[in-house]
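Please keep the sequence and the structure in view while reading.

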Amino acid sequence: MEFFSGFFFWVLLCVGAGYWASHKGRTGVGWFFISVIVSPVIAFILLLILKDLPKEGKESAAASAARQPPAEPPGPTDDDYAVALEEVNGGQRKAGIWARAFTDAVGDNDRAVAFYTARRAQDLADERHRLMVDELRQSEEGRALLAKQAYDAIPKGTCPNCQAVIPLDSAVCPMAKCGASFDAPDGWRIKPLSP
């Protein structure tokens, strides 16, 4: 009787190791067999040392999203306006932007300051966006992200033959099984996706 209760406890520990492994993003069945072969105690120690894959995946996705620039340059932030206003008041303004702002304000200094601040703040936001894009171009992941954003920005439609979503300017359907041509004057036309 003692043998069966000890065996049952040992199997329960192996199942527990498999269950914990599955919650750490690993194969539960595989870890069950590892703990059967090696020992449930060693399996638990290994699982304690190993990283939590789902948590790590969420963190890397969040970091990637934080690094991901918007497809279009963002609007200026409050800090951009503050920097621009400080440039005007400190006499460190950009000559070209100031000349245009002063001309648009028809010589009114207060309006010129407002125009300069708005234009310079937008320039600062655009510059920050360009730097972010340049930084992304340095890594393969960043290049793939920028390529995806460029593809997503292309207007798309539906192939009339295979119903696949393809770019509107496609000469032929890129789907291997379809290959429909859209060059003929009276032939198929890609149906634009409704907004």
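This is a predicted model: local features need pLDDT of at least 70, side-chain atom pairs count only at pLDDT 80 or more; totals for chains, interfaces and linings use all residues.

The chain has 195 residues, of which 26% count as buried.

Among contacts between residues at least 6 apart in sequence, 49% join residues that are at least 24 apart.

Helix packing can be followed in two places, both of which involve α7. Two packed helices are described by the angle between their axes and the distance between the axes. Helix α5, which spans residues 78-90, packs with α7 at an angle of about 130°, the two axes being 8 Å apart. The two helices are therefore oblique to each other, since an angle would have to be over 145 degrees to count as roughly antiparallel, and the crossing in which α5 passes α7 is right-handed. On the α5 side the contact involves D80, Y81, V83, A84, L85, E87 and V88, while α7 contributes V113, Y116, T117, A118, R120, A121, L124, A125 and R128. Sorted by class, the residues of this contact comprise 11 nonpolar, 1 polar and 4 charged.

The other partner of α7 to consider is helix α8, residues 140-153, whose axis comes within 6 Å of the α7 axis and crosses it at roughly 120°. This angle makes α7 and α8 oblique to each other, because the range for roughly perpendicular axes runs from 65 to 115 degrees. Here V133, L136 and R137 of α7 meet G142, R143, L145 and L146 of α8, a set that divides into 4 nonpolar, 1 polar and 2 charged residues.

Within α7, which covers residues 109-137, lies A114. Is A114 buried, exposed or partly exposed? Its relative accessibility is 44%, so A114 counts as partly exposed. The C-alpha atom of A114 is separated by 9.6 Å from that of V88, a residue 26 positions away along the chain; V88 is itself among the α5 residues that meet α7.

Apart from its neighbours within four places in sequence, S35 is in contact with W10, C14, A17, P40 and A43. I37 also belongs to α2, yet at 70% relative accessibility I37 counts as exposed.

V106, in the loop between α6 (95-104) and α7, has a phi near 50°, a positive value in a residue other than glycine, and V106 counts as exposed at 70% relative accessibility. Q163, in the loop between β1 (156-158) and β2 (165-167), likewise has a positive phi, near 65°, without being a glycine, and with a relative accessibility of 53% Q163 counts as exposed.

Technical notes. Residues are numbered from 1 along each chain as its sequence is written. Side-chain values use heavy atoms; hydrogens and water are left out. Helices (H or I, at least four residues) and strands (E, at least two) are DSSP runs, numbered from the N terminus. Buried means under 20% relative accessible area, exposed over 50%, partly exposed in between (1.4 Å probe, protein chains only). Axes are lines fitted to C-alpha atoms, for helices over the stretch in contact, and angles run from 0 to 180 degrees between N-to-C directions. Angles under 35 degrees count as roughly parallel, over 145 as roughly antiparallel, 65 to 115 as roughly perpendicular and the rest as oblique. Contact means heavy atoms within 4.5 Å. Ala, Val, Leu, Ile, Met, Phe, Trp, Tyr, Cys and Pro count as nonpolar, Asp, Glu, Lys and Arg as charged, and the others, Gly among them, as polar. A crossing is left-handed if the near helix is turned anticlockwise from the far one by less than a right angle, and right-handed if clockwise.
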